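The following exercises examine a structure step by step. Please work through each task before reading its solution.

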Amino acid sequence: MNNSKIWLSSPHMGGSEQKFVQEAFDTNWVAPLGPNVNGFEKDLESYLGDGVHVAALSSGTAALHLALLMLGVKTGDEVICQSMTFSASANPIVYLGATPVFVDSEPETMNMCPRFLEEAILDGISRGKKPKAIVAVHLYGMPCKMQEIRKIADAHQIPIAEDSAEALGSTYKGKKCGTFGDISILSFNGNKIITTSGGGAMVTKTAEQKNKAVFLSTQARDNAPHYQHSEIGYNYRMSNICAGIGRGQMEVLDEHLQSRRKMHQFYVDLFAGVEGVRVFTEPNADFYSNHWLSCIVLDPEKTKITSEDLRLTLERDNIESRPLWKPMHLQPVFADCAYFGSDISEKLFTNGLCLPSSSNLTDNDRERIAKVIRSLFNR
Ligand SMILES: *Cc1c(COP(=O)(O)O)cnc(C)c1O
């Protein structure tokens, strides 16, 4: 058996990406605008449905930065963010001079706990600092408890920035993730379910919001023959080359989603009957995850094996795995930020592990993964 590296989540080209990229070269649209950018936006709009508008941008982080800006976040404001997430969910809050307030997860979806969210909001209000926005995340593709979170947000009239970077293709109550936020964002980084090598998008409810995002992301040029500016702009638009990759990837998105879900089922079967291992799965039929990454959570008292033992054993066989996101309230850079919650995300971080989930894994790869895991769990 060959021993080539098995990645956690690798890019996976479908075939027609190069055709769109070649077209860009042939027509000299080698710029951060052009037919691929427009085409990719149209593809995403029809995929997401619900009448949304999409602005293709240079990254998911840039999209969240502009989303928070457009939701009115300013210097000195507070913004609530799920603690257990990738740092890119929280960094844009700081770019705007605002302060993140972190909220713990609930164990069913590993996403923002509605109870602690409400606690954080009430605390802010009691200090005369009502949070300006809520960053809600769908970790590993698992939709957050959007109905409860939306109810609380609406009750206090706080807008939601939906970080759907990991959840393209996931649905909650039949509606696509990326369409729930007052503004939502997607990522097409190299490790996501589809990639443009690097890229992202803002998803909006109105054409005006989309136009505003395009305006801000192209240096905020006023309508004049010369360069005139009444607002601070950004250079955040997506390249027409990258968008060409995106158009090709849209043709295989549903296949990728099914392959990722197949990997999840593979782990469900592999760990069936192993005491003390929970394969992270949808809590009920309202939730449909793209299973961007398959995750397990160990109970080391029962397994007698830690997640780090498993990670190192896989690594010895050239198989990549990774701990779950380390919560932001435990990160040195956010040590001074407020936190509402208990130890739920911390425990998930300690005992969890993301397993290889790429859509291009082969039967041979799965055999190698199964062999290592079976040997470690004595099965
Ligand atoms: C990847 C990711 C982002 C950022 O997207 P980039 O395109 O890499 O900037 C934001 N939030 C979450 C949860 C992510 O996983």
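**Exercise 1.** State in which helix Arg150 and Asp154 lie and how many residues apart they are, and determine how their side chains meet.

*Solution.* Step one: both Arg150 and Asp154 belong to helix α6, 4 residues apart, which is about one turn of the helix. Helices here are DSSP runs of H or I with at least four residues, strands are E runs of at least two, and both are numbered from the N terminus. Step two: a salt bridge requires a side-chain nitrogen of Lys or Arg within 4 Å of a carboxyl oxygen of Asp or Glu. Arg150 and Asp154 form such a bridge, with 3.1 Å from N to O. Step three: by this rule the count comes to 20 salt bridges.

The model is predicted: local features need pLDDT of at least 70, side-chain atom pairs count only at pLDDT 80 or more, and totals for chains, interfaces and linings use all residues. Residues are numbered from 1 along each chain as its sequence is written, and side-chain values use heavy atoms, with hydrogens and water left out.

**Exercise 2.** Identify the domains of the chain and describe the contact between them.

*Solution.* Step one: an automatic or database domain assignment gives domain 1 (17-252) and domain 2 (254-377). Their centres, taken over C-alpha atoms, are 25 Å apart. Step two: with contact meaning heavy atoms within 4.5 Å, domain 1 contributes 45 residues and domain 2 contributes 37 residues. Step three: the buried area, that is, the accessible area (1.4 Å probe) lost by two parts on being put together, summed over both, is about 3,700 Å² between the domains, and carbon and sulfur atoms give 65% of this area. Phe102, Tyr140 and Ile193 supply 21% of what domain 1 buries against domain 2, more than any other three residues.

**Exercise 3.** Find how many salt bridges there are between domain 1 and domain 2, and give the distance between the closest N and O atoms of Lys173 and Asp286.

*Solution.* Step one: the count between the two domains is 1 salt bridge. Step two: Lys173 and Asp286 form a salt bridge whose closest N and O atoms are 3.9 Å apart.

**Exercise 4.** Classify the aromatic pair of Tyr140 and Trp292, and locate both residues.

*Solution.* Step one: rings of Phe, Tyr and Trp (its six-membered ring) pair if their centres lie within 6.5 Å; planes under 30 degrees apart count as stacked, over 60 as edge-to-face and the rest as tilted. The structure holds 10 aromatic pairs. Step two: Tyr140 and Trp292 are stacked, at 6.4 Å centre to centre and 15° between the planes. Step three: Tyr140 lies in the loop between β4 (133-137) and α6 (146-155), and Trp292 in the loop between β11 (287-288) and β12 (294-298), so placed 152 residues apart.
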